[in-house]
Amino acid sequence: MALTTPNSDRNPSPGSDGVSLIVPHRDHGAFLERLVDIYLHQTRPPDEIIIVDDASAAEGRRIAQDLAVACASVRVIQRLVNGGPNAAVQDGLAVASRPY
């Protein structure tokens, strides 16, 4: 995992001004690392990136978990049953600690 986290020292307290990014994901692991890297290098990167794994196969789950280990601002929520992108976003909204 070659993620660079230029803003990894930022850790605002919950409820402070900031942004949560919710990423619904099902078997698109090949794109996740690039997506996270792009968002981390924005002028105003999100304070947290919530990847909601919507019952991906093992490889997709592994990639999402590896990203969470590599970058403190990435969280992964695992859905055991596929519910579609809308359900995944709703699960992400339920745990977001910043506005979205």
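# A tour of the predicted model

Select strand β2, residues 48-54, and strand β3, residues 74-79. These two strands pair in the parallel sense, over six bridges. This is a predicted model, so keep a confidence colouring to hand for a later stop.

Stay on the pair and pick I51. Opposite I51 stands V76 in β3.

**Whole chain**

Zoom out. The protein has three helices and three strands. From the N terminus on, the elements run β-α-β-α-β-α. Of the 100 residues, 37% are buried. Next, display contacts between residues at least 6 apart in sequence. Among these, 80% join residues at least 24 apart.

**The cores**

Which members of the largest nonpolar core touch the most other members? Select V23, L32, V36, I49, I51, L67 and V74 to see them. The whole core holds 13 residues. I51, the residue opposite V76, is back in view here as one of those members. Colour by element next. β1 (20-25), α1 (29-40), β2, α2 and β3 each give two or more residues to this core.

Now select I22, I50, V52 and I77. They belong to a second, separate core, which has five residues. Nonpolar side chains tend to be buried together in soluble globular proteins. Look along a strand as you compare the cores. In a regular strand, side chains alternate between the two faces of the sheet.

**Salt bridges**

Switch to charged side chains. The model has seven salt bridges. Side chains of opposite charge can pair when their charged atoms come close.

Start with R44 and D47. Their side chains meet in a salt bridge, at 2.9 Å from N to O. D47 is buried, at 10%.

Go next to R75 and E48. The closest N and O atoms of this salt bridge are 3.1 Å apart. R75 sits in strand β3 and E48 in strand β2, so the pair links distant parts of the chain, 27 residues apart. R75 is partly exposed, with a relative accessible area of 32%. E48 counts as buried, at 6% relative accessibility.

Then select D54 and R79. Here the closest N and O atoms are 2.8 Å apart, in another salt bridge. D54 is buried, with a relative accessible area of 3%. R79 is buried too, at 17%; the cut-off for buried is under 20%. Salt bridges that share partners join D54, R79 and D91 into one network.

**Confidence**

Finish by colouring on pLDDT. The mean for the protein is 87. A value of 70 or more is reached by 83% of the residues. Where does pLDDT stay under 50? Select residues 6-13 to find that stretch. For these residues the model has eleven contacts beyond four places in sequence. Where pLDDT is low, the predicted coordinates should not be read in detail.

Conventions. Residues are numbered from 1 along each chain as its sequence is written. Side-chain values use heavy atoms; hydrogens and water are left out. Two strands pair if DSSP finds at least two bridges between them. Helices (H or I, at least four residues) and strands (E, at least two) are DSSP runs, numbered from the N terminus. A nonpolar core is a set of buried Ala, Val, Leu, Ile, Met, Phe, Trp, Tyr and Cys residues joined through side-chain atoms within 4.5 Å. Buried means under 20% relative accessible area, exposed over 50%, partly exposed in between (1.4 Å probe, protein chains only). A salt bridge is a side-chain nitrogen of Lys or Arg within 4 Å of a carboxyl oxygen of Asp or Glu. pLDDT is the predictor's confidence in each residue, from 0 to 100. Contact means heavy atoms within 4.5 Å.
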